[in-house]
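These are my notebook entries on what I looked up in one structure, kept in the order in which I worked.

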Amino acid sequence: MPAGIAPVAPSASRYPARVLRPSVADAAFDAAQFTALREALARGDLSPERARLTVRPAPVPADALFETADLAVEDRARLRRRGEQAIAAGKVAALVLNGGMATRFGGVVKGVVPVVAGRPDLSFLAVKLAGLARARVPVVLMHSFATAAATAEHLAAIDWAGVEAADRLEFSQSILPRVLPDGTPLPALLDADALADTHLYAAPGHGDTLRRVRDSGVVDALAARGVEHVLVSNVDNLGATLDPAVLGAHLDAVDRAAAMSVEVVLREPADAGGCVAAVDGKPVILEAFRLPPGTDLADFPHFNTNTLWISLAALRAPQPLTWFPVRRALEWPDGSTRDIVQFEQLIGQLSEFVPTAYLLVDRDRFLPIKTREDLADAAPRLADLARAAGLQP
(Lines give C-alpha, C1' and ligand atoms only; values in the text may rest on other atoms or scores of the structure.)
Protein backbone atom coordinates (compact mmCIF):
# COMPACT_ATOMS: atom_id res chain seq x y z
CA MET A 1 0.00 0.00 0.00
CA PRO A 2 1.46 3.43 -0.90
CA ALA A 3 2.74 5.66 1.87
CA GLY A 4 0.06 7.80 3.41
CA ILE A 5 -2.78 5.32 2.90
CA ALA A 6 -3.54 3.57 6.15
CA PRO A 7 -5.60 0.36 6.17
CA VAL A 8 -9.17 0.86 7.36
CA ALA A 9 -11.36 -1.87 8.80
CA PRO A 10 -14.31 -2.92 6.60
CA SER A 11 -16.75 -1.64 9.24
CA ALA A 12 -15.45 1.88 8.69
CA SER A 13 -17.27 2.01 5.34
CA ARG A 14 -20.43 4.11 5.36
CA TYR A 15 -21.95 1.82 2.74
CA PRO A 16 -21.28 -1.78 3.91
CA ALA A 17 -24.61 -3.20 2.76
CA ARG A 18 -24.73 -1.68 -0.73
CA VAL A 19 -21.22 -2.01 -2.08
CA LEU A 20 -21.57 -5.44 -3.75
CA ARG A 21 -24.67 -6.64 -5.53
CA PRO A 22 -25.67 -10.31 -5.20
CA SER A 23 -24.72 -10.77 -8.88
CA VAL A 24 -21.04 -10.07 -8.09
CA ALA A 25 -20.95 -11.24 -4.49
CA ASP A 26 -18.73 -14.21 -5.36
CA ALA A 27 -15.94 -12.00 -6.72
CA ALA A 28 -12.87 -11.46 -4.56
CA PHE A 29 -13.33 -8.13 -2.81
CA ASP A 30 -11.09 -6.50 -0.21
CA ALA A 31 -13.44 -4.17 1.67
CA ALA A 32 -10.70 -2.70 3.85
CA GLN A 33 -8.56 -1.92 0.83
CA PHE A 34 -11.49 -0.31 -0.96
CA THR A 35 -12.33 1.88 2.02
CA ALA A 36 -8.71 3.01 2.30
CA LEU A 37 -8.53 3.83 -1.40
CA ARG A 38 -11.72 5.86 -1.64
CA GLU A 39 -10.88 7.79 1.52
CA ALA A 40 -7.39 8.52 0.18
CA LEU A 41 -8.96 9.75 -3.04
CA ALA A 42 -11.30 12.05 -1.10
CA ARG A 43 -8.34 13.46 0.86
CA GLY A 44 -6.39 14.12 -2.31
CA ASP A 45 -3.72 11.54 -1.51
CA LEU A 46 -4.54 9.68 -4.74
CA SER A 47 -4.59 11.74 -7.92
CA PRO A 48 -3.18 11.65 -11.46
CA GLU A 49 -0.82 14.44 -10.43
CA ARG A 50 0.54 12.47 -7.49
CA ALA A 51 0.95 9.41 -9.74
CA ARG A 52 3.65 11.19 -11.73
CA LEU A 53 7.33 10.92 -10.86
CA THR A 54 8.79 14.10 -9.44
CA VAL A 55 12.20 13.53 -11.02
CA ARG A 56 12.61 12.88 -14.71
CA PRO A 57 13.87 9.33 -15.36
CA ALA A 58 16.88 8.71 -17.57
CA PRO A 59 16.96 6.83 -20.86
CA VAL A 60 18.18 3.25 -20.60
CA PRO A 61 21.50 2.53 -22.31
CA ALA A 62 21.34 0.10 -25.19
CA ASP A 63 23.57 -2.42 -23.43
CA ALA A 64 20.91 -2.80 -20.70
CA LEU A 65 18.76 -4.76 -23.16
CA PHE A 66 19.41 -8.19 -24.66
CA GLU A 67 18.77 -8.33 -28.39
CA THR A 68 16.92 -11.53 -29.33
CA ALA A 69 15.84 -10.59 -32.85
CA ASP A 70 19.27 -10.39 -34.48
CA LEU A 71 21.24 -13.26 -32.99
CA ALA A 72 23.84 -15.33 -34.72
CA VAL A 73 22.50 -18.67 -35.94
CA GLU A 74 24.47 -20.65 -33.38
CA ASP A 75 23.38 -18.40 -30.52
CA ARG A 76 19.71 -18.69 -31.44
CA ALA A 77 20.06 -22.46 -31.77
CA ARG A 78 21.58 -22.67 -28.29
CA LEU A 79 18.80 -20.58 -26.75
CA ARG A 80 16.17 -22.62 -28.56
CA ARG A 81 17.63 -25.88 -27.26
CA ARG A 82 17.67 -24.51 -23.75
CA GLY A 83 14.07 -23.39 -23.99
CA GLU A 84 12.92 -26.68 -25.50
CA GLN A 85 14.62 -28.59 -22.69
CA ALA A 86 12.82 -26.50 -20.05
CA ILE A 87 9.46 -27.06 -21.76
CA ALA A 88 10.06 -30.79 -22.09
CA ALA A 89 11.03 -30.96 -18.40
CA GLY A 90 7.67 -29.44 -17.38
CA LYS A 91 9.24 -26.27 -15.98
CA VAL A 92 7.17 -23.79 -18.01
CA ALA A 93 3.53 -22.66 -17.97
CA ALA A 94 1.59 -19.89 -19.73
CA LEU A 95 -0.79 -17.38 -18.19
CA VAL A 96 -3.19 -15.58 -20.53
CA LEU A 97 -4.67 -12.29 -19.35
CA ASN A 98 -8.33 -12.53 -20.35
CA GLY A 99 -9.75 -10.07 -17.84
CA GLY A 100 -10.67 -6.42 -18.02
CA MET A 101 -14.04 -4.87 -18.69
CA ALA A 102 -14.94 -6.05 -22.24
CA THR A 103 -15.55 -2.50 -23.47
CA ARG A 104 -13.36 -2.00 -26.54
CA PHE A 105 -15.22 -4.33 -28.89
CA GLY A 106 -18.67 -2.89 -28.35
CA GLY A 107 -19.24 -4.69 -25.07
CA VAL A 108 -18.23 -8.10 -26.46
CA VAL A 109 -15.64 -10.15 -24.59
CA LYS A 110 -12.59 -9.86 -26.81
CA GLY A 111 -11.23 -13.34 -26.19
CA VAL A 112 -14.25 -14.96 -27.88
CA VAL A 113 -14.18 -12.65 -30.95
CA PRO A 114 -13.23 -14.44 -34.20
CA VAL A 115 -9.92 -13.33 -35.66
CA VAL A 116 -10.91 -14.78 -39.03
CA ALA A 117 -14.19 -13.49 -40.48
CA GLY A 118 -16.99 -16.04 -40.39
CA ARG A 119 -15.08 -18.48 -38.17
CA PRO A 120 -16.38 -18.30 -34.58
CA ASP A 121 -14.16 -21.28 -33.74
CA LEU A 122 -11.07 -19.20 -34.58
CA SER A 123 -11.25 -16.71 -31.73
CA PHE A 124 -8.39 -14.97 -29.95
CA LEU A 125 -8.66 -17.61 -27.23
CA ALA A 126 -8.79 -20.48 -29.70
CA VAL A 127 -5.62 -19.42 -31.51
CA LYS A 128 -3.80 -18.64 -28.27
CA LEU A 129 -4.79 -21.93 -26.64
CA ALA A 130 -4.15 -24.07 -29.73
CA GLY A 131 -0.54 -22.91 -29.88
CA LEU A 132 -0.04 -23.67 -26.19
CA ALA A 133 -1.75 -27.06 -26.58
CA ARG A 134 0.87 -28.02 -29.14
CA ALA A 135 3.58 -27.12 -26.63
CA ARG A 136 1.84 -29.29 -24.00
CA VAL A 137 2.33 -26.87 -21.12
CA PRO A 138 -0.06 -25.96 -18.28
CA VAL A 139 -2.28 -23.06 -19.33
CA VAL A 140 -3.71 -20.57 -16.84
CA LEU A 141 -6.55 -18.27 -17.87
CA MET A 142 -7.31 -15.14 -15.86
CA HIS A 143 -10.87 -13.82 -16.20
CA SER A 144 -12.79 -10.94 -14.70
CA PHE A 145 -16.41 -10.71 -13.57
CA ALA A 146 -17.08 -9.06 -16.94
CA THR A 147 -15.48 -11.80 -19.08
CA ALA A 148 -15.99 -15.03 -17.12
CA ALA A 149 -19.46 -16.10 -18.29
CA ALA A 150 -18.95 -15.56 -22.03
CA THR A 151 -15.50 -17.14 -21.80
CA ALA A 152 -16.79 -20.26 -20.03
CA GLU A 153 -19.41 -20.80 -22.73
CA HIS A 154 -16.85 -20.33 -25.49
CA LEU A 155 -14.25 -22.59 -23.89
CA ALA A 156 -16.85 -25.35 -23.67
CA ALA A 157 -17.69 -24.87 -27.35
CA ILE A 158 -14.04 -25.10 -28.50
CA ASP A 159 -13.00 -27.59 -25.79
CA TRP A 160 -10.10 -25.31 -24.83
CA ALA A 161 -8.74 -25.65 -28.39
CA GLY A 162 -7.05 -28.94 -27.53
CA VAL A 163 -5.46 -28.08 -24.18
CA GLU A 164 -5.53 -31.27 -22.10
CA ALA A 165 -7.96 -31.23 -19.19
CA ALA A 166 -5.13 -31.78 -16.71
CA ASP A 167 -3.36 -28.68 -18.07
CA ARG A 168 -6.28 -26.27 -17.60
CA LEU A 169 -6.18 -23.78 -14.73
CA GLU A 170 -8.28 -20.67 -14.17
CA PHE A 171 -8.74 -17.84 -11.70
CA SER A 172 -10.62 -14.55 -11.61
CA GLN A 173 -9.57 -11.01 -10.93
CA SER A 174 -10.91 -9.27 -7.89
CA ILE A 175 -13.49 -6.50 -8.11
CA LEU A 176 -13.70 -2.91 -6.89
CA PRO A 177 -16.65 -0.53 -7.09
CA ARG A 178 -16.13 2.58 -9.17
CA VAL A 179 -16.47 5.83 -7.26
CA LEU A 180 -17.27 9.49 -7.78
CA PRO A 181 -14.30 11.89 -7.53
CA ASP A 182 -15.20 12.50 -3.87
CA GLY A 183 -14.88 8.75 -3.11
CA THR A 184 -18.60 7.92 -3.02
CA PRO A 185 -19.14 4.34 -4.31
CA LEU A 186 -21.38 4.24 -7.39
CA PRO A 187 -23.43 1.29 -6.01
CA ALA A 188 -24.45 3.52 -3.07
CA LEU A 189 -26.12 6.15 -5.30
CA LEU A 190 -29.91 6.25 -5.32
CA ASP A 191 -30.13 5.73 -9.10
CA ALA A 192 -27.50 2.98 -9.24
CA ASP A 193 -30.14 0.26 -9.71
CA ALA A 194 -30.56 1.42 -13.31
CA LEU A 195 -26.90 0.65 -14.11
CA ALA A 196 -25.33 -2.65 -15.15
CA ASP A 197 -22.66 -4.35 -13.07
CA THR A 198 -20.05 -3.34 -15.64
CA HIS A 199 -20.92 0.32 -15.02
CA LEU A 200 -20.76 0.09 -11.24
CA TYR A 201 -17.67 -2.10 -10.85
CA ALA A 202 -14.25 -2.56 -12.42
CA ALA A 203 -11.49 -5.12 -12.44
CA PRO A 204 -8.52 -3.39 -10.78
CA GLY A 205 -6.00 -3.57 -13.62
CA HIS A 206 -3.64 -6.33 -14.72
CA GLY A 207 -1.49 -5.70 -11.65
CA ASP A 208 -4.21 -7.52 -9.72
CA THR A 209 -2.96 -10.67 -11.48
CA LEU A 210 -0.02 -10.88 -9.10
CA ARG A 211 -2.17 -11.12 -6.00
CA ARG A 212 -4.95 -13.25 -7.44
CA VAL A 213 -2.71 -15.87 -9.07
CA ARG A 214 -1.21 -16.40 -5.63
CA ASP A 215 -4.36 -16.14 -3.49
CA SER A 216 -6.35 -18.37 -5.85
CA GLY A 217 -3.95 -21.26 -5.26
CA VAL A 218 -2.70 -21.33 -8.85
CA VAL A 219 0.91 -20.65 -7.89
CA ASP A 220 0.84 -23.58 -5.48
CA ALA A 221 -0.74 -25.81 -8.13
CA LEU A 222 1.97 -24.92 -10.64
CA ALA A 223 4.71 -25.45 -8.08
CA ALA A 224 3.33 -28.91 -7.31
CA ARG A 225 3.79 -29.77 -10.99
CA GLY A 226 7.39 -28.56 -11.01
CA VAL A 227 6.76 -25.34 -12.94
CA GLU A 228 9.46 -22.71 -12.42
CA HIS A 229 8.68 -20.06 -15.05
CA VAL A 230 5.47 -18.54 -16.42
CA LEU A 231 4.92 -16.71 -19.70
CA VAL A 232 2.35 -13.94 -19.11
CA SER A 233 0.70 -12.31 -22.12
CA ASN A 234 -2.47 -10.51 -23.18
CA VAL A 235 -5.20 -12.53 -24.89
CA ASP A 236 -5.25 -10.01 -27.76
CA ASN A 237 -1.52 -10.34 -28.52
CA LEU A 238 -1.35 -13.49 -30.61
CA GLY A 239 2.26 -12.77 -31.52
CA ALA A 240 3.36 -13.61 -27.97
CA THR A 241 3.82 -17.33 -28.53
CA LEU A 242 5.81 -19.77 -26.41
CA ASP A 243 9.01 -19.30 -28.41
CA PRO A 244 11.74 -21.59 -27.00
CA ALA A 245 14.49 -19.20 -28.10
CA VAL A 246 12.99 -16.26 -26.20
CA LEU A 247 12.44 -18.57 -23.23
CA GLY A 248 16.12 -19.53 -23.48
CA ALA A 249 17.05 -15.85 -23.32
CA HIS A 250 14.95 -15.51 -20.17
CA LEU A 251 16.63 -18.53 -18.62
CA ASP A 252 20.04 -17.00 -19.40
CA ALA A 253 18.85 -13.83 -17.63
CA VAL A 254 17.79 -15.93 -14.63
CA ASP A 255 21.33 -17.29 -14.50
CA ARG A 256 22.40 -13.65 -14.12
CA ALA A 257 20.01 -13.28 -11.12
CA ALA A 258 16.94 -11.93 -12.92
CA ALA A 259 13.51 -12.96 -11.59
CA MET A 260 11.58 -11.56 -14.55
CA SER A 261 12.21 -10.80 -18.22
CA VAL A 262 10.14 -8.19 -20.06
CA GLU A 263 9.72 -8.27 -23.84
CA VAL A 264 10.13 -4.84 -25.40
CA VAL A 265 10.09 -3.56 -28.97
CA LEU A 266 11.27 -0.35 -30.60
CA ARG A 267 8.55 2.26 -30.26
CA GLU A 268 6.48 3.19 -33.30
CA PRO A 269 4.33 6.34 -33.60
CA ALA A 270 1.05 4.51 -32.89
CA ASP A 271 2.34 2.84 -29.72
CA ALA A 272 0.70 4.22 -26.58
CA GLY A 273 1.71 2.87 -23.20
CA GLY A 274 4.70 1.92 -21.13
CA CYS A 275 8.38 2.47 -21.75
CA VAL A 276 11.65 1.33 -20.20
CA ALA A 277 13.32 4.09 -18.21
CA ALA A 278 15.98 4.31 -15.52
CA VAL A 279 14.82 5.48 -12.10
CA ASP A 280 17.65 5.99 -9.62
CA GLY A 281 19.85 4.15 -12.10
CA LYS A 282 17.57 1.09 -12.27
CA PRO A 283 15.72 0.20 -15.51
CA VAL A 284 11.99 -0.21 -14.85
CA ILE A 285 8.71 -0.26 -16.75
CA LEU A 286 6.89 3.08 -16.56
CA GLU A 287 3.49 3.92 -18.02
CA ALA A 288 3.33 7.23 -19.86
CA PHE A 289 0.98 8.78 -17.30
CA ARG A 290 3.66 8.40 -14.63
CA LEU A 291 6.25 10.46 -16.49
CA PRO A 292 6.77 14.09 -15.44
CA PRO A 293 4.98 16.72 -17.55
CA GLY A 294 6.89 17.66 -20.67
CA THR A 295 8.74 14.35 -20.94
CA ASP A 296 9.44 13.45 -24.56
CA LEU A 297 8.73 9.77 -25.20
CA ALA A 298 11.16 9.91 -28.08
CA ASP A 299 13.88 9.80 -25.42
CA PHE A 300 12.57 6.37 -24.36
CA PRO A 301 12.49 4.28 -27.54
CA HIS A 302 11.80 0.88 -25.96
CA PHE A 303 8.11 0.05 -25.66
CA ASN A 304 6.70 -2.42 -23.12
CA THR A 305 4.64 -5.16 -24.81
CA ASN A 306 3.18 -6.47 -21.52
CA THR A 307 4.61 -9.89 -22.34
CA LEU A 308 6.51 -11.10 -19.30
CA TRP A 309 8.48 -14.20 -18.33
CA ILE A 310 8.24 -14.44 -14.54
CA SER A 311 9.83 -16.93 -12.20
CA LEU A 312 7.37 -18.72 -9.96
CA ALA A 313 9.31 -17.48 -6.94
CA ALA A 314 8.63 -13.87 -8.02
CA LEU A 315 4.93 -14.66 -8.43
CA ARG A 316 4.81 -16.13 -4.94
CA ALA A 317 6.23 -13.09 -3.13
CA PRO A 318 3.77 -10.22 -2.42
CA GLN A 319 4.93 -6.79 -3.57
CA PRO A 320 3.60 -3.32 -2.60
CA LEU A 321 2.27 -2.24 -6.00
CA THR A 322 0.98 1.32 -6.17
CA TRP A 323 -2.73 2.02 -6.60
CA PHE A 324 -3.57 4.53 -9.33
CA PRO A 325 -6.85 6.44 -9.75
CA VAL A 326 -8.00 6.15 -13.37
CA ARG A 327 -10.57 8.69 -14.48
CA ARG A 328 -13.41 7.72 -16.81
CA ALA A 329 -16.52 9.40 -18.19
CA LEU A 330 -19.62 7.25 -17.61
CA GLU A 331 -22.95 7.72 -19.37
CA TRP A 332 -25.86 7.79 -16.93
CA PRO A 333 -29.40 6.51 -17.65
CA ASP A 334 -30.73 10.08 -17.93
CA GLY A 335 -28.33 10.79 -20.79
CA SER A 336 -25.88 12.80 -18.73
CA THR A 337 -22.21 11.97 -18.34
CA ARG A 338 -20.52 11.72 -14.96
CA ASP A 339 -16.85 11.69 -14.13
CA ILE A 340 -15.92 8.57 -12.20
CA VAL A 341 -12.75 6.95 -10.89
CA GLN A 342 -11.63 3.33 -10.82
CA PHE A 343 -8.61 2.05 -8.93
CA GLU A 344 -5.98 0.03 -10.79
CA GLN A 345 -2.56 -1.57 -10.39
CA LEU A 346 0.03 -2.31 -13.08
CA ILE A 347 1.74 -5.66 -13.55
CA GLY A 348 4.78 -3.97 -15.10
CA GLN A 349 5.50 -2.26 -11.79
CA LEU A 350 6.82 -5.61 -10.59
CA SER A 351 10.02 -4.50 -12.35
CA GLU A 352 10.55 -2.00 -9.52
CA PHE A 353 10.73 -4.79 -6.93
CA VAL A 354 12.42 -7.80 -8.55
CA PRO A 355 15.60 -8.04 -10.65
CA THR A 356 14.40 -7.64 -14.24
CA ALA A 357 15.93 -8.26 -17.65
CA TYR A 358 14.72 -6.59 -20.84
CA LEU A 359 14.56 -8.60 -24.05
CA LEU A 360 14.41 -6.62 -27.29
CA VAL A 361 12.27 -8.89 -29.46
CA ASP A 362 11.19 -8.92 -33.07
CA ARG A 363 8.13 -6.77 -33.77
CA ASP A 364 6.29 -9.92 -34.93
CA ARG A 365 5.95 -10.89 -31.27
CA PHE A 366 3.85 -7.81 -30.62
CA LEU A 367 0.48 -7.74 -32.37
CA PRO A 368 -2.01 -6.09 -30.03
CA ILE A 369 -5.59 -5.81 -31.27
CA LYS A 370 -7.36 -3.05 -29.33
CA THR A 371 -10.16 -2.08 -31.75
CA ARG A 372 -12.27 -3.56 -34.54
CA GLU A 373 -10.18 -1.50 -36.98
CA ASP A 374 -6.99 -3.15 -35.68
CA LEU A 375 -8.62 -6.53 -36.24
CA ALA A 376 -9.43 -5.77 -39.86
CA ASP A 377 -5.98 -4.32 -40.58
CA ALA A 378 -4.21 -7.37 -39.11
CA ALA A 379 -6.42 -10.01 -40.77
CA PRO A 380 -3.73 -11.60 -42.99
CA ARG A 381 -1.23 -11.81 -40.12
CA LEU A 382 -3.84 -13.25 -37.77
CA ALA A 383 -4.72 -15.94 -40.31
CA ASP A 384 -1.02 -16.85 -40.51
CA LEU A 385 -0.84 -17.13 -36.72
CA ALA A 386 -3.87 -19.40 -36.72
CA ARG A 387 -2.11 -21.70 -39.19
CA ALA A 388 1.06 -21.63 -37.09
CA ALA A 389 -1.03 -22.76 -34.12
CA GLY A 390 -2.20 -25.79 -36.14
CA LEU A 391 -5.61 -24.37 -37.10
CA GLN A 392 -7.01 -24.03 -40.62
CA PRO A 393 -8.56 -20.62 -41.41
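I took helices (H or I, at least four residues) and strands (E, at least two) as DSSP runs, numbered from the N terminus. The model is predicted, so local features need pLDDT of at least 70 and side-chain atom pairs count only at pLDDT 80 or more, while totals for chains, interfaces and linings use all residues. Residues are numbered from 1 along each chain as its sequence is written, and side-chain values use heavy atoms, with hydrogens and water left out.

**Entry 1: Thr 68**

I began with Thr 68, which I found in the loop between strand 1 (65-67) and helix 3 (73-88). Is Thr 68 buried or exposed? With a relative accessible area of 5%, Thr 68 is buried (buried means under 20% relative accessible area, exposed over 50%, and partly exposed in between, with a 1.4 Å probe and protein chains only). I then listed its contacts (heavy atoms within 4.5 Å): setting aside residues up to four places away in sequence, Thr 68 touches Arg 76, Ala 249, Leu 359, Leu 360 and Val 361.

**Entry 2: the hairpin of strands 9 and 10**

Next I followed strand 9 (residues 275-279) into strand 10 (residues 282-286); the two run antiparallel and are joined by five bridges, where pairing requires that DSSP find at least two bridges between the strands. They form a hairpin with two residues between them, and Asp 280 in the turn has a positive phi of about 55 degrees. Across the pair, I noted that Ala 278 stands opposite Pro 283 in strand 10.

**Entry 3: aromatic pairs**

How many aromatic pairs does a search of the whole structure find? The search gives four, counting rings of Phe, Tyr and Trp (its six-membered ring) whose centres lie within 6.5 Å, with planes under 30 degrees apart called stacked, over 60 edge-to-face and the rest tilted. Phe 289 and Phe 324 are an edge-to-face pair, because their ring centres are 5.2 Å apart and their planes stand at 80 degrees. This pair links distant parts of the chain, 35 residues apart, with Phe 289 in the loop between strand 10 and strand 11 (302-311) and Phe 324 in strand 12 (residues 324-331). Phe 289 is partly exposed at 36% relative accessibility, whereas Phe 324 is buried at 2%.

I also looked at Phe 303 and Phe 366, whose ring centres are 5.6 Å apart and whose planes are at 50 degrees, so the pair is tilted. Phe 303 lies in strand 11 and Phe 366 in the loop between strand 14 (356-360) and helix 11 (372-377), 63 residues apart. Phe 303 is buried, with a relative accessible area of 4%, and Phe 366 also counts as buried, at 10%.

**Entry 4: Val 341**

I placed Val 341 in strand 13 (residues 337-344), where it counts as buried at 3% relative accessibility. Leaving aside neighbours within four places in sequence, I found Val 341 in contact with Leu 41, Arg 178, Val 179, Pro 181, Pro 325, Val 326 and Arg 327. The C-alpha atoms of Val 341 and Leu 231, 110 residues apart along the chain, are separated by 31 Å.
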